[in-house]
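I opened a new notebook page for this structure. My plan is to look things up one by one and write down what I find.

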Amino acid sequence: MTPRPALAFVSLILIAGAALLIFLTLLGGAVDKNPTNQFYFLEADTNGLGSAAPLTRWTFWSTCSAMGGRNTCPGVKPAYPFDPRRNFGTDDIFGGTKYYLESRFMFAFVLIGLFFAVCALFLGLIALVSRIGSFLGSATCSVALFFQTLTAALMTAVYVQGRDAFRADGRTATLGRYNFGFMWAAVACLFLATLMLCVGGVTGKKDKGYSSRTGGRKFFGRRKSTKSNRDRGSFIDPERQRRMDKEDDD
């Protein structure tokens, strides 16, 4: 029995989990409800930096102040950049637009990755009954994996260096454990799902071909053997009978 359906089923769970984690990360800063109002990429001490609040958190949508451990975001704007010059009107931490483009590309890449993850989820349903579905699902999931990996890599590069810059200025700064955990966990889920879908398609092909060929050899071999014995018996029995008759006459 081919393991394709089992692999496809596990892949569906992994893809659905990755899509959920990406979606939760996207909601951080956009929805002021528990638990999404606890999700952020970087929290830093911004006291005295231009128009910044004493404690600021960066999300995909805005810079939020922190009250009682939860985000308080005054407004939302998609693809909100990590750039203190534009955020607060100051160059005290680092000047220029060092992380502006990277942080904005993150938003585009995460949306593309989420789109292909959802497509792979539907194709994974076809993989339960078809090898073609396994290969199509694997290809689509690999595209989602590519863009999700880009997003996670940019996120790590931008906000880890941003944290270090704040700390170098003598300020406290911490990474958002939920967003970082969710984004890299989504990468792991998509990687495993891509691998399982691909293995399911290849294994299904090999098992089907081997069974048919093996069964054919056994079937035809058995028929040939039976026919050979029957034909051999038809010649041997009369000869034996003639010898026995000759011995009786002697």
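First, a term I need: a residue is buried under 20% relative accessible area, exposed over 50%, and partly exposed in between (1.4 Å probe, protein chains only). I note that this is a predicted model, where local features need pLDDT of at least 70, side-chain atom pairs count only at pLDDT 80 or more, and totals for chains, interfaces and linings use all residues. Residues are numbered from 1 along each chain as its sequence is written, and side-chain values use heavy atoms, with hydrogens and water left out.

**Entry: overall layout**

I looked up the elements next. Helices (H or I, at least four residues) and strands (E, at least two) are DSSP runs, numbered from the N terminus. The protein chain has 5 helices and 5 strands. From the N terminus on, I read the order α-β-β-β-β-α-α-α-β-α. Of the 250 residues in the protein chain, 39% are buried. I also checked contacts, meaning heavy atoms within 4.5 Å. Among those between residues at least 6 apart in sequence, 66% join residues at least 24 apart.

I found Gly133 in helix α4. Is Gly133 buried or exposed? Its relative accessibility is 1%, so Gly133 counts as buried. Leaving out residues up to four places away in sequence, Gly133 touches Leu123, Ile126 and Ala127. Leu123 is 10 residues from Gly133 in sequence, and their C-alpha atoms are 5.9 Å apart.

Ser134 is in helix α4 too. At 1% relative accessibility, Ser134 counts as buried. Beyond its neighbours within four places in sequence, Ser134 contacts Arg4, Ala127, Leu197, Gly200 and Gly201.

**Entry: helix pairs**

Two packed helices are described by the angle between their axes and the distance between the axes. Axes are lines fitted to C-alpha atoms, for helices over the stretch in contact, and angles run from 0 to 180 degrees between N-to-C directions.

I took α3 with α4 to begin with. They pack at about 160°, with axes 7 Å apart. That makes α3 roughly antiparallel to α4 (under 35 degrees is roughly parallel, over 145 roughly antiparallel, 65 to 115 roughly perpendicular, the rest oblique). The residues of this contact divide into 22 nonpolar, 8 polar and 1 charged. Here Ala, Val, Leu, Ile, Met, Phe, Trp, Tyr, Cys and Pro count as nonpolar, Asp, Glu, Lys and Arg as charged, and the others, Gly among them, as polar.

Then I took α1 (residues 4–27) with α3 (residues 100–127): the angle is about 155° and the axes are 9 Å apart. That makes α1 roughly antiparallel to α3. The α1 residues in this contact include Leu12, Ile15 and Phe23, and those of α3 include Phe107, Leu111 and Leu114. The contact divides into 17 nonpolar, 1 polar and 1 charged.

**Entry: the core**

A nonpolar core is a set of buried Ala, Val, Leu, Ile, Met, Phe, Trp, Tyr and Cys residues joined through side-chain atoms within 4.5 Å. Which residues touch the most other members of the largest one? Among its 49 residues, they are Trp58, Phe60, Phe82, Tyr159 and Phe166. Elements giving two or more residues to this core are α1, β1 (42–45), α3, α4 (131–168) and α5 (177–249). I listed some contacts of Phe82, including Leu42, Trp58, Phe94, Tyr159 and Phe166.

The peptide bond from Asn34 to Pro35 is cis, with omega near 10°. Pro35 lies in the loop between α1 and β1. Ala79 is not a glycine, yet has a positive phi of about 55°.
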